[in-house]
Amino acid sequence: MADEIRVAIASDQDIVLARQRGRTLAFELGFSSSDSTLVATAISELARNILTYARTGEIALKAIQSTNRQGIMVVASDEGPGIADVRQAVKDGFSTSGSLGLGLPGVRRLMDEFMIESELGHGTRVTVRKWKQ
Amino acid sequence: MDVPILKQGEFLIATIQAALSDADLLQLRSGLIQQVVRFRSRAVIVDVTAMDVMDSFASRTLREIAHMIRLRGAETVIVGIQPEVAFAMVQLGLTLEGVATALDLEEGLAYLNQKFRSTS
């Protein structure tokens, strides 16, 4: 079923669209309403990071399967400035945009798996997964 | 998506009816401030029952609304945060510190009525 859903992020409206798509997909996959909300909230934060730091990018959503469980994967990618110190960026309380600095560590707590790749001057790619309980 | 703001006596009630973009939230913020000034309202209730996601931007904006309104000498109560939304907010580390909250509109009104009765 569900192939990859891709949502281009270029405005604040796109953030709403991306998180709605994510919630719908999570719900279709049988996630609880509570977990669907966690997924939607994580997508909202990731999409906002794209808009704030890179201006444009993409959120890709996909149903995933391991041997005995189903899940959802969210990939947030951009070709923005990249993050100089990735380890620092996922630490609580760190922010370069004057925001609360809860973005990435918060997303990490909302989801089960979290991976970030970033290269200065080339962009950032955050991959998160959540498995159905 | 415009958020209707209703005047009810000395209070204003803003009922969010659908998912809001960042721009919508900022518009709500300026709309509420203007109305509080215009009507010399003593309190504002923001009903967020219909919000299915409260991310860092939304909670920061609500906090700003409450703080601005407090500087006007009025009170803000956020009502109707859904349980799943509250759970996600806690996971994300978001708080509405210093902002009054209540279960629903009815409880919010009861809280304000009580508060203003005891101080007047």
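**Close-up views of a predicted two-chain model**

**View 1. Buried side of helix 3 of chain B.** The buried residues of helix 3 (residues 83-92) of chain B are B:Glu84, B:Val85, B:Ala88, B:Met89 and B:Leu92. Because their arc around the axis is only 140 degrees, they fall on the same side of helix 3 of chain B. An α-helix has 3.6 residues a turn, so residues three or four places apart point the same way. The structure shown here and in the views below is a predicted model.

**View 2. Surroundings of helix 3 of chain B.** Partners from both chains pack against the buried residues of helix 3 of chain B: helix 2 (33-54) and helix 4 (103-110) of chain A, together with helix 2 (56-71) of chain B. The face turned away from the buried side of helix 3 of chain B carries the exposed residues B:Pro83 and B:Val90. Just after this helix, B:Gly93 takes a positive phi of about 80 degrees.

**View 3. Chain B as a whole.** Four helices and five strands make up the secondary structure of chain B, and from the N terminus on its elements run β-β-α-β-α-β-α-β-α. The radius of gyration of chain B is 13 Å, close to the 14 Å that the globule rule gives for 120 residues, so chain B is as compact as a globular protein of that length. Its C-alpha trace spans about 40 × 25 × 25 Å along the principal axes. Of the 120 residues in chain B, 40% are buried. Among contacts in chain B between residues at least 6 apart in sequence, 74% join residues at least 24 apart.

**View 4. Sheet of chain A.** Five strands of chain A form an open sheet in the order 1-2-3-5-4, with antiparallel pairing. Strand 1 (5-9) and strand 4 (113-119) of chain A each have a single partner strand and stand at the edges, so one side of each is left without a neighbour in the sheet. From one strand to the next, the twist averages 15 degrees. Five bridges join strand 1 of chain A to strand 2 (residues 57-65) of chain A in the antiparallel sense; A:Val7 has A:Ile59, in strand 2 of chain A, as its bridge partner.

**View 5. Helix 1 and A:Val74.** Helix 1 (residues 12-28) of chain A lies across strand 1, strand 2 and strand 3 (70-78) of chain A, and runs at about 165 degrees to strand 1 of chain A. A:Val74 lies in strand 3 of chain A and is buried, with 26 other C-beta atoms within 10 Å. Not counting residues up to four places away in sequence, A:Val74 touches A:Gly22, A:Ala42, A:Ile43, A:Leu46, A:Ile59, A:Leu61 and A:Val128. The C-alpha atoms of A:Val74 and A:Arg125 are separated by 10 Å, with the two residues 51 apart along the chain.

Conventions
Residues numbered from 1 in each chain as written. Chains lettered and ligands numbered in written order. Predicted model: local features only at pLDDT ≥ 70, side-chain atom pairs only at ≥ 80, totals over all residues. Pairing = 2+ DSSP bridges. Helix = DSSP H or I, 4+ residues; strand = E, 2+ residues; numbered from the N terminus. Axes fitted to C-alpha atoms, helices over the stretch in contact; angles between N-to-C directions. Contact = placed C-beta atoms within 7 Å. Buried ≥ 20, exposed ≤ 12 C-beta atoms within 10 Å, placed from the backbone. Arc of directions from axis to C-beta. Rg over C-alpha atoms; globule rule 2.2 N^0.38 Å.
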